[in-house]
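Q: Could you take me through the way contacts, burial, sheet order and nonpolar cores are read from a model?

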Amino acid sequence: MRAVVFDMDGVLFDTEVVCMKSWTAIAARRGLPMMEEVFPKCIGLNANDSRQVVLEAYGEDFDYPVFRQETAEWFRNYIEENGLPIKPGMHRLLDWLKENGYQIGLASSTRGESVFSHLKQAGIGGFFETVVTGDMVEHSKPRPDIYLRACRELGVAPGETYAIEDSPNGIRSAHAAGMRPIMVPDMIPADEEMRALSFLIRKNLMEVLEYLRQEKEKE
């Protein structure tokens with residue numbers, strides 16, 4: 001195995017739960033029902049595909065751009081007040097991968113402005129040889145496009161690449177791309193489908209690091 005491509009939200013940063021809080025807070029302000037059911041369907045999707053999910057729930061005349069603007073403002077305010085929540089083991093895993101010669105990429109359905117802002121704030125942008133964001137592809141996860149592009153830009157075959165994901169849509173995307181998906185569940189636990197599509201399931205990034213270390217020792 002030559003490369004590792006990471007998802008961002010829910011994998012490197014504990015931001016999925018913050019995003020959910022922003023959506024439910026704005027939904028409560030607007031009197032929108034069932035957001036606790038709508039939001040999980042959008043995890044792993046880019047803005048274009050999330051829009052379709054929201055419009056199906058609230059109607060074609062729903063002002064999605066304004067809704068997302070309000071949730072983004074809520075999210076930014078939270079991060080400014082509380083800081084960017086980093087997943088335990090993130091730094092140690094990235095350091096180990098770099099030290100051991102892996103190519104490292106990022107494939108996030110989040111829009112580029114937010115992705116690069118988070119990477120800069122965490123000081124980890126230099127680890128990634130390529131960064132593919134949700135606004136670089138028409139349809140993101142669960143379709144394979146975003147991961148295929150990341151592998152192409154890294155110059156590696158999907159079959160030689162791990163994808164580290166937290167969401168079912170991300171695992172479906174990586175599997176469809178022909179990669180080896182490692183699931184580290186965040187808000188949505190692994191079910192029978194995820195166990196079938198995942199190459200490996202681990203509780204956290206430190207367990208992923210331990211697995212990779214063991215595999216490296218076998219070489």
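Q: Which residues does Val-54 touch, not counting residues up to four places away in sequence?
A: Contact means heavy atoms within 4.5 Å; by that criterion Val-54 touches Trp-23, Val-38, Cys-42, Gly-59, Phe-62 and Tyr-64. Val-54 lies in helix H3, residues 47–58, helices being DSSP runs of H or I with at least four residues and strands runs of E with at least two, numbered from the N terminus. This is a predicted model, in which local features need pLDDT of at least 70 and side-chain atom pairs count only at pLDDT 80 or more, whereas totals for chains, interfaces and linings use all residues. Residues are numbered from 1 along each chain as its sequence is written, and side-chain values use heavy atoms, with hydrogens and water left out.

Q: Is Val-54 buried or exposed?
A: Buried means under 20% relative accessible area, exposed over 50%, and partly exposed in between (1.4 Å probe, protein chains only); Val-54 counts as buried because its relative accessibility is 0%.

Q: In what order do the six strands form the sheet?
A: Two strands pair if DSSP finds at least two bridges between them, and here the open sheet runs S3-S2-S1-S4-S5-S6 with parallel pairing. Strand S3 (130–132) and strand S6 (200–201) stand at the edges with a single partner strand each, so one side of each lacks a neighbour in the sheet.

Q: Which residues have the most contacts inside the largest nonpolar core?
A: A nonpolar core is a set of buried Ala, Val, Leu, Ile, Met, Phe, Trp, Tyr and Cys residues joined through side-chain atoms within 4.5 Å; in the largest, of 53 residues, they are Phe-6, Ile-124, Phe-128 and Ile-164.
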